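Here is a short report on a few side chains and their neighbours. Take a look at the model before reading on.

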Amino acid sequence: MAGYSETEETKGQRRGPQEIDAYQGPVSRIPRFWRNNPVLWFATCEAVFSTSKVTSSTVKFQLLIPNIDQEVLIHVQDLITDPLKQTYENLKARLLQTYGESENLRIKRLSEENPLGDQTPSQLLRRMQQLAGDCVNAEFTEHYG
């Protein structure tokens with residue numbers, strides 16, 4: 001996104017010189033969208049934004065769009081074409097809603113697909129917590145962790 005001057009404004013948001021310089025770095029480190037694990041993809045992108053000092057919601061949105069396949073972009077077309085909806089938060093919410101696992105599916109996988117096998121009990125617990133998401137509370141973790 002070269003070519004921005006430090007006085008350029010987008011939607012009333014002034015960009016500082018550090019943020020402008022940081023735009024070029026994160027683009028190459030943002031992976032293609034992971035349909036099978038959008039939660040982890042967003043966590044990865046947020047780590048890139050943090051280390052690159054990108055804080056603008058609009059800029060985050062703009063940096064992510066090129067890393068999302070056309071088949072996925074169809075689900076967020078209204079966000080892309082309406083400048084008032086072009087925020088990172090809107091994009092994240094829609095993609096998580098569309099591609100994230102439902103709570104019922106996570107619970108089903110939790111109960112059916114987790115034999116101990118070669119895992120240690122702590123590895124199994126971490127995997128079960130990952131699948132359960134918010135379904136496992138701190139009391140469960142303290143008792144079984």
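This is a predicted model: local features need pLDDT of at least 70, side-chain atom pairs count only at pLDDT 80 or more; totals for chains, interfaces and linings use all residues.

Is Asn67 buried or exposed?

Asn67 has a relative accessible area of 10%. Buried means under 20%, so Asn67 is buried. Its place is in the loop between α4 (57-64) and α5 (70-73).

One of its polar atoms lies 3.1 Å from the backbone oxygen of Leu63.

## Phe33 and Tyr99

Now to the rings. The structure holds 5 aromatic pairs. One of them joins Phe33 and Tyr99: the ring centres are 5.6 Å apart and the planes stand at 70°. Planes over 60 degrees apart count as edge-to-face, so this pair is edge-to-face.

The two partners come from distant parts of the chain, 66 residues apart. Phe33 is in the loop between α2 (24-27) and α3 (38-52), while Tyr99 is in helix α7 (residues 88-99). Phe33 has 8% relative accessibility and counts as buried. Tyr99, at 19%, counts as buried too.

## Phe42 and Tyr88

Phe42 and Tyr88 form another edge-to-face pair. Their centres are 5.9 Å apart, with 75° between the planes. This pair also links distant parts of the chain: Phe42 sits in helix α3 and Tyr88 in helix α7, 46 residues apart. Both residues are buried.

Tyr88 has a charged neighbour as well. The charged end of Lys60 sits over the Tyr88 ring, 5.2 Å from the ring centre.

## One cluster

Which residues form the aromatic cluster? They are Phe33, Trp41, Phe42, Phe49, Tyr88 and Tyr99.

Notes: Residues are numbered from 1 along each chain as its sequence is written. Side-chain values use heavy atoms; hydrogens and water are left out. Helices (H or I, at least four residues) and strands (E, at least two) are DSSP runs, numbered from the N terminus. Buried means under 20% relative accessible area, exposed over 50%, partly exposed in between (1.4 Å probe, protein chains only). A polar contact is a pair of N or O atoms within 3.5 Å; within protein, one must be able to donate a hydrogen and the other to accept it, and residues adjacent in sequence count only if both atoms are side-chain atoms. Rings of Phe, Tyr and Trp (its six-membered ring) pair if their centres lie within 6.5 Å; planes under 30 degrees apart count as stacked, over 60 as edge-to-face and the rest as tilted. A charge sits over a ring if NZ of Lys or CZ of Arg is within 6 Å of the ring centre and within 35 degrees of the ring normal.
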